[in-house]
Amino acid sequence: MWFALEDLDFENLEKVLEEVTEGKRISFQELVQSLMQGEYADYGIKDWILQAVLGEWQANREIFFLLLGVGIASAVFYQIASAFINKQIAETAFYLTYLIFLTTSAAGFGLLVQNVGNCIEKIKQFMDVLVPCFFGVVSMSYGSVTAAGYYQVTVLIMALINGVLLRVALPAVKIAVVLQMVNRLTKEEMISKLAAMVGQVAGGCMKGMLAVIIGLNTLEGLLLPTIDKVKLNSLGKVVGMVPGIGGSAQAVAGIVAGTGTLVRNAVGVAACVVLFVIISLPVLQTVIFIVTYRVLAVCLEPVADKRLSGAVEEVGKGGGMLLQAIVTAVLLFLITIAVVCVVAR
């Protein structure tokens, strides 16, 4: 069991893992070995997640109270300015406070978009070095047809993430949020339909990617493992017909196949664990961002102008779409790994 694991080349995988997990000292080979033995070490991940939650809240707390103060100040200025005969003074006060909100929110949201993009790039970087190792194990433990077929699916996933998710969906989310904030400048909505359409394009891209990959995984799961199984059964029957050593050869082949299956599943589960570690901090950042802006919208609605509270709510919805982008990227790989581990038996 340990010999089969040592036959795998984890050197490049360990280097990339240290880079994408920002030096958390997670050894992929040790993780696979512990999973094969039915053990699991958390590598301090729980404490790290707790510290990340507290750190993100402290980072977002200042922005929360700043925007809350801006909203309350906007309401006060608007009410004071409305007492004058010239209503343009009230509108000017609103535009000044809205400009502060716009610049602060746009900067924060742009930084979040960048963090999400970096997270997806790390997922791609990790999968680039994992794929040869994982599908090499699949080929040795089950069959080359299944390994080759799902390898092509994984390459397609990387192409979709690079060409659709990073270059179309994420920029569309950013544009949609900016359009929604600009749309709230006037009392009458003028570009709400355009902003909604851009947001729908981003959501449609992500849903379409999931539909395509799930469909391909399902179709290949119905056909490719059957081809490999027929080949293995035919080979086993031929070997079993050899006088004297046929039964022993079949027994040894069964042990090797079982060991290969264990190694393959352990590598697959270890990959899933690493993917969760990679996305944990960006997911926490995005969730706290969403909660911050949703709570802020609730607090501003009774006192501030509806345009301001509506803009805050739209920024929170944009954070939700960024969270959907992270989940989509990781689900594409998780579904493929899970299907390979389940159907290739």
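Select L194 first. In this predicted model, L194 is partly exposed, with a relative accessible area of 40%. The residue lies in helix α7.

Which helix gives the largest share of the patch? It is α7, with three residues.

Now leave the surface and go to helix α2. Select residues 11-20. Color L13, V16, L17 and V20: these are the buried residues of α2. Turn the view until you look down the helix axis. The buried residues fall within an arc of 105 degrees, so they line one face of α2. What sits on the face turned away from the buried side? Select K15, E18 and E19, which are exposed.

Finish in the largest nonpolar core, which has 92 residues. Select F28, F101, I123, F126, M127 and I161: these touch the most other members. Then show the helices that give two or more residues to this core: α2, α3 (28-36), α4 (45-81), α5 (88-141), α6 (144-183), α7 (192-240), α8 (246-300) and α9 (306-343). Which one gives the largest share? Select α5, the source of 19 core residues.

Terms used. Residues numbered from 1 in each chain as written. Predicted model: local features only at pLDDT ≥ 70, side-chain atom pairs only at ≥ 80, totals over all residues. Heavy atoms only, no water. Buried < 20%, exposed > 50% of the residue type's maximum accessible area, 1.4 Å probe, protein only. Helix = DSSP H or I, 4+ residues; strand = E, 2+ residues; numbered from the N terminus. Arc of directions from axis to C-beta. Core = buried A, V, L, I, M, F, W, Y, C linked by side-chain atoms within 4.5 Å.
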